[in-house]
Amino acid sequence: MLEVARILGGVPLKGEVRAAGAKNAALPLMAASLLSAETVTLRGVPDLSDVRFMAEILRHLGASAESPEPGVWRIRAAQVSHRTPYELVRKMRASVCLLGALVGRLGRAEMAVPGGCVIGPRPIDLHLRGLESLGCRVTLEAGAVSVDATAARGGEVDMGGPMGSTVLGTANLVMAAALTRGSTRVLNAAREPEVSDLCDLLRKMGARVSGDGTATIEVEGVPSLGGADHAIIADRIEAGTYLAAGAITGGDVTVRGAEAAHLGAFLGRLEAAGVEIFHGPGFVRARGLPRRGVDVVTEPHPGFPTDLQAQFMAVQLMAPGVTTVTEKVYPHRFMHVAELQRMGADIRLDGAVATVHGGRPLSGAPVMASDLRASAALILAGLAATGETWVQRLYHLDRGYEKFKERLRGLGADVVRLPQSEMPSSLRAED
Ligand code: EPZ
């Protein structure tokens with residue numbers, strides 16, 4: 001059933017919220033469980049549609065994947081097929097991280113090449129070039145990639161591309177190298193905390209991996225990996241989104257379980273804009289509205305995270321002055337701009353640069369979610385706008401934000417979820 005969110009803006013959000021487990025750690029770590037024939041238990045896993053979908057794909061591959069209690073997933077891949085199901089994989093780009101796990105475990109893999117999505121093309125050329133550097137034979141036919149790792153040996157792989165490193169590409173190569181004979185050096189590796197969390201799990205499974213968090217990861221192949229029990233890291237993007245909710249409403253929000261170091265340059269940019277930021281072990285807090293425009297450029301970690309670009313842009317709609325947002329990871333990741341303009345935002349797009357003239361009042365409007373993080377930006381704008389904002393196609397939000405309505409209401413927001421049929425038909429966009 002299609003649902004909409006109705007938000008009555010103007011309430012400063014105050015209080016505490018606990019960050020859920022990181023979606024972008026959960027997905028590669030679930031894939032990594034295929035590297036072992038023993039049980040891998042993951043704890044603190046968020047209750048998201050993407051997580052349930054990844055579990056469905058794992059079961060399709062022959063693994064058992066059960067959630068005996070909320071947040072806990074038990075995965076056991078005693079037997080596993082090398083062929084990923086096209087009709088499932090094409091629905092979730094992140095399933096590309098199964099490639100490395102299958103190549104490591106079975107020495108071969110077949111997968112439909114993931115398509116693009118609304119934030120832009122999502123190529124995997126760096127993943128495939130890395131596997132070829134290990135001696136894998138990679139063939140592309142009819143939109144599917146086949147990898148044969150019979151002759152694979154450890155070696156030097158370079159994950160650097162035109163936009164910097166690749167997060168899931170690094171994850172794939174580390175997983176493949178973990179069970180590939182010889183030493184592998186991953187150059188220009190992604191330094192995101194989710195990559196380090198994956199390496200923590202792999203070490204618990206018996207892998208020999210070091211250097212994660214830096215640009216060079218070293219992997220010594222081992223013959224096999226065992227099971228493990230691992231609590232995944234908190235979701236830094238969800239945490240940043242709730243801090244943004246505090247800032248955009250001029251409130252005072254503390255996120256428990258979040259690590260300031262995981263948020264890259266996001267906190268520094270909020271502070272430069274005049275939002276008060278406090279942090280300590282296991283918490284980050286944002287208080288007060290932004291007071292000035294700033295410039296921001298998205299980059300791989302530890303730079304400003306592209307996944308918080310839309311949310312930051314929404315916050316800066318409240319800041320008198322000019323804010324420029326330059327997207328250097330996904331140059332087209334501006335689906336939120338047109339919808340924010342419907343709420344009165346003054347944003348001008350010129351290629352990969354958005355120029356925001358902030359400090360103007362926002363008025364609530366019916367808007368359309370498009371992708372996960374753009375949808376969060378619309379919710380944020382609705383929290384600050386006068387009047388009612390209706391956000392349609394909430395399934396985009398449910399992919400990455402566990403219980404977002406409950407969490408926002410816990411901070412004092414006036415937000416409800418309704419069946420789309422209860423939205424005034426005069427406001428409903430043709431679907
Ligand atoms: C991960 O995607 C995240 N997803 C994305 O989060 C995030 O936006 C992205 O990293 C960047 O931080 C998951 O972890 C599941 P990339 P990933 O490979 O690994 C180019 C969200 O909202 N590139 O680091 O697929 C690519 O086009 C999602 O939670 C190549 O050119 O991203 C992009 O411009 C959205 N060739 C840049 O690198 C390749 O082979 C970064 O992509 C691979 C990537």
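Close-up 1. His-127 belongs to α5, which spans residues 125–133; helices (H or I, at least four residues) and strands (E, at least two) are DSSP runs, numbered from the N terminus. Apart from neighbours within four places in sequence, the residues in contact with His-127 are Val-96, Met-159, Thr-166, Leu-168, Gly-169, Asn-172 and Leu-173. Contact means heavy atoms within 4.5 Å. Because the model is predicted, local features need pLDDT of at least 70 and side-chain atom pairs count only at pLDDT 80 or more, while totals for chains, interfaces and linings use all residues. Residues are numbered from 1 along each chain as its sequence is written, and side-chain values use heavy atoms, with hydrogens and water left out.

**Close-up 2. Phe-266, Phe-304 and Phe-312 form one aromatic cluster.** Rings of Phe, Tyr and Trp (its six-membered ring) pair if their centres lie within 6.5 Å; planes under 30 degrees apart count as stacked, over 60 as edge-to-face and the rest as tilted. This rule gives three aromatic pairs. In one of them, Phe-266 and Phe-304, the ring centres are 5.8 Å apart and the planes stand at 65°, so the pair is edge-to-face. The pair links distant parts of the chain, 38 residues apart: Phe-266 lies in helix α9 (residues 266–272), and Phe-304 lies in the loop between β17 (295–298) and α10 (309–316). Phe-304 also pairs edge-to-face with Phe-312, at 5.3 Å centre to centre and 75° between the planes. Phe-266 is buried; Phe-304 counts as buried at 2% relative accessibility, and Phe-312 at 1%.

**Close-up 3. The charged end of Arg-285 sits over the ring of Phe-278.** The distance from the ring centre is 4.9 Å. A charge sits over a ring if NZ of Lys or CZ of Arg is within 6 Å of the ring centre and within 35 degrees of the ring normal.

Close-up 4. A disulfide is a pair of cysteine sulfur atoms within 2.5 Å, and the count comes to zero. For Cys-97, the nearest cysteine sulfur is that of Cys-199, 13 Å away.

**Close-up 5. Four strands form an open sheet with mixed pairing.** The strand order is β9-β10-β12-β11; two strands pair if DSSP finds at least two bridges between them. β9 (156–158) and β11 (208–210) stand at the edges with a single partner strand each, so one side of each has no neighbour in the sheet. Neighbouring strands are turned by 15° against each other on average, direction ignored. Axes are lines fitted to C-alpha atoms, for helices over the stretch in contact, and angles run from 0 to 180 degrees between N-to-C directions. β11 and β12 (residues 217–220) run antiparallel and are joined by three bridges. Arg-208 has Glu-220 of β12 as its bridge partner.

**Close-up 6. Helix α1 is mostly covered.** Nine of the 10 residues of α1 (residues 23–32) are buried, among them Lys-23, Leu-27, Pro-28 and Met-30.

Key. Buried means under 20% relative accessible area, exposed over 50%, partly exposed in between (1.4 Å probe, protein chains only).
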